[in-house]
Amino acid sequence: MFERFSRDARSVVVSAHTEAAALGHDSIGPEHLFLGLLEQTDGAGFAVLSEAGLDAAGVRRVVLARRPGQGFLGPDDAAALLFALMRWRGRMLSAGSGGKA
């Protein structure tokens, strides 16, 4: 299935795996995917997450401060990310790309 991913998506997953291993985690979770997206500074995911105020150093601090099972995003974080995604999609639609980067 991994071969069906685009080159960029594979790069994000590889980065996420590297982040998980570096943090001593035995599986890839949403927090590692966020970190993977933030490592791909030329991608649309990076732009959206940056606009929401996320950066790799800040995400790592949150991940390290959380207890297992506590979850990654708090309600305020999730709302900020959702609004950033909606603004980004609106700009893409206005630009005529159909919401695709």
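E39 is partly exposed, at a relative accessible area of 37%. The model is predicted. In it, E39 pairs with R60 in a salt bridge, with 3.0 Å between the closest N and O atoms. E39 belongs to helix 2 and R60 to helix 4, so this bridge ties together parts 21 residues apart in sequence. Salt bridges with shared partners link E19, E39 and R60 into one network.

**The salt bridges**

Across the whole structure, a search finds three salt bridges.

| Pair | N to O distance |
|---|---|
| D8 and R7 | 3.4 Å |
| R60 and E19 | 2.8 Å |
| E39 and R60 | 3.0 Å |

R60 also reaches E19, with the closest N and O atoms 2.8 Å apart. R60 sits in helix 4 and E19 in helix 1 (residues 7–22), so here the bridge spans parts that are 41 residues apart in sequence.

How accessible are the residues of the network? R60 has 26% relative accessibility and counts as partly exposed. E19, at a relative accessible area of 10%, is buried. That value falls under the 20% cut-off for burial. E39 is partly exposed at 37%.

The remaining pair is D8 with R7, whose side chains meet at 3.4 Å, N to O. D8 is partly exposed, at 47% relative accessibility. R7 has 59% and counts as exposed, because the threshold for exposed is over 50%.

Helix 4 covers residues 56–65. Which of its residues are buried? They are A56, G58, V59 and V63. An α-helix has 3.6 residues a turn, so residues three or four places apart point the same way.

The other side of helix 4 carries exposed residues: R61, L64 and A65. What covers the buried residues? Helix 2 (30–39) is included in that cover.

**The N-terminal end of helix 4**

Which residue caps this end? D55 does. One of its side-chain oxygens lies 3.2 Å from the backbone nitrogen of A57.

**Taken together**

Key: Residues are numbered from 1 along each chain as its sequence is written. This is a predicted model: local features need pLDDT of at least 70, side-chain atom pairs count only at pLDDT 80 or more; totals for chains, interfaces and linings use all residues. Side-chain values use heavy atoms; hydrogens and water are left out. Buried means under 20% relative accessible area, exposed over 50%, partly exposed in between (1.4 Å probe, protein chains only). Helices (H or I, at least four residues) and strands (E, at least two) are DSSP runs, numbered from the N terminus. Contact means heavy atoms within 4.5 Å. A polar contact is a pair of N or O atoms within 3.5 Å; within protein, one must be able to donate a hydrogen and the other to accept it, and residues adjacent in sequence count only if both atoms are side-chain atoms. A salt bridge is a side-chain nitrogen of Lys or Arg within 4 Å of a carboxyl oxygen of Asp or Glu.
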